[in-house]
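Subject: Structure handover

Hello,

Here is the structure for your files. Please open it next to this message.

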Amino acid sequence: MINSKTAAALNDQLNMEYYSAYSYLAMSAYFLTQNLNGFAHWMRVQAQEELAHGMKIYDFLDDREADIRLRGIEAPKQKWDSPLEVFEDTLAQEQKVSQSIYDITDLALSERDHATHTFLQWFIVEQVEEEASVKELIDTLKLVGTEGNGLFLLDRDLAQRQLADEDADEGQ
Ligand code: MG
């Protein structure tokens with residue numbers, strides 16, 4: 001059994017992962033309107049990954065016999081001026097998620113909740129990868145600027161992204 005403070009923090013995190021998914025889906029829809037279908041695909045995969053993160057937390061709460069409390073998901077931003085602005089927002093969102101994961105990890109440590117602490121290690125590693133891949137895209141977009149050929153090639157590149165198997169690296 002998990003304590004109520006930690007369960008509440010994990011329920012908040014579940015909501016944040018679903019908000020992220022919703023936000024990336026809005027970005028995907030924006031890219032469709034820009035005829036950047038590869039970017040739209042990349043964001044759609046990103047949204048699917050966030051849903052999987054939410055479900056990991058959902059399953060963990062159930063395993064720990066905690067109440068699962070689903071709240072409303074805030075409406076995301078839906079208009080941007082450039083692909084670069086979209087990815088700058090993505091980085092800001094991922095940095096917010098990382099901070100939230102660190103805060104719950106601190107809480108789990110202070111509550112001597114070793115199971116939650118260990119559970120969160122996967123998310124900490126995941127956030128490092130998330131932030132790094134988004135930073136790399138921001139750098140590329142800065143190089144490309146608003147130049148059509150570069151955006152076209154990057155769009156073809158991003159169309160190749162495949163959904164990661166979230167359970168593959170759990171190894172148990
Ligand atoms: Mg996530």
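Below are my notes on the metal site, the cores, the salt bridges and a surface patch.

This is a predicted model, in which local features need pLDDT of at least 70, side-chain atom pairs count only at pLDDT 80 or more, and totals for chains, interfaces and linings use all residues. Residues are numbered from 1 along each chain as its sequence is written, and side-chain values use heavy atoms, with hydrogens and water left out.

Metal site. The magnesium ion has E17 (OE), E50 (OE) and H53 (ND1) as protein donors, at 2.1 to 2.2 Å. Donors are N, O and S atoms within 2.8 Å of the metal (3.2 Å for Na, K and Ca); water is not among the atoms, so sites may look incomplete. The donor spacing in sequence is E-x32-E-x2-H. E17 sits in helix α1 and H53 in helix α2, 36 residues apart. Helices are DSSP runs (H or I, at least four residues), numbered from the N terminus. E17 and H53 are both buried. Buried means under 20% relative accessible area, exposed over 50%, partly exposed in between (1.4 Å probe, protein chains only).

Cores. A nonpolar core is a set of buried Ala, Val, Leu, Ile, Met, Phe, Trp, Tyr and Cys residues joined through side-chain atoms within 4.5 Å. The largest has 23 residues, and F31, F39, W42, M43, V86 and F87 have the most contacts inside it. Helices α1 (4-33), α2 (37-63), α3 (83-110), α4 (114-144) and α5 (148-158) each supply at least two of its residues. A second, separate core has 19 residues, including A7, L10, L14 and L107.

Salt bridges. There are 7 in the structure; each is a side-chain nitrogen of Lys or Arg within 4 Å of a carboxyl oxygen of Asp or Glu. D12 pairs with R71 at 2.9 Å, N to O. D12 lies in helix α1 and R71 in the loop between α2 and α3, so this pair ties together parts 59 residues apart in sequence. D12 is partly exposed at 41%, as is R71 at 48%. R161 bridges to E49, with the closest N and O atoms 3.3 Å apart. R161 is in the segment after α5 and E49 in helix α2, 112 residues apart. R161 is buried at 18% relative accessibility, and E49 is buried at 6%. K77, E85 and D89 are linked in a salt-bridge network.

Surface. M55, Y58, I68 and L70 form a nonpolar patch with about 350 Å² of accessible area together. Such patches take nonpolar side chains (Val, Leu, Ile, Met, Phe, Trp, Tyr) joined within 5 Å, from residues with over 30% relative accessible area and no salt bridge. Areas come from the Shrake-Rupley method with a 1.4 Å probe; for residues, only the protein chains shown count as cover.

Best regards

Definitions and conventions:
Patch = residues over 30% accessible without salt bridge, like charges linked within 9 Å, V, L, I, M, F, W, Y side chains within 5 Å.
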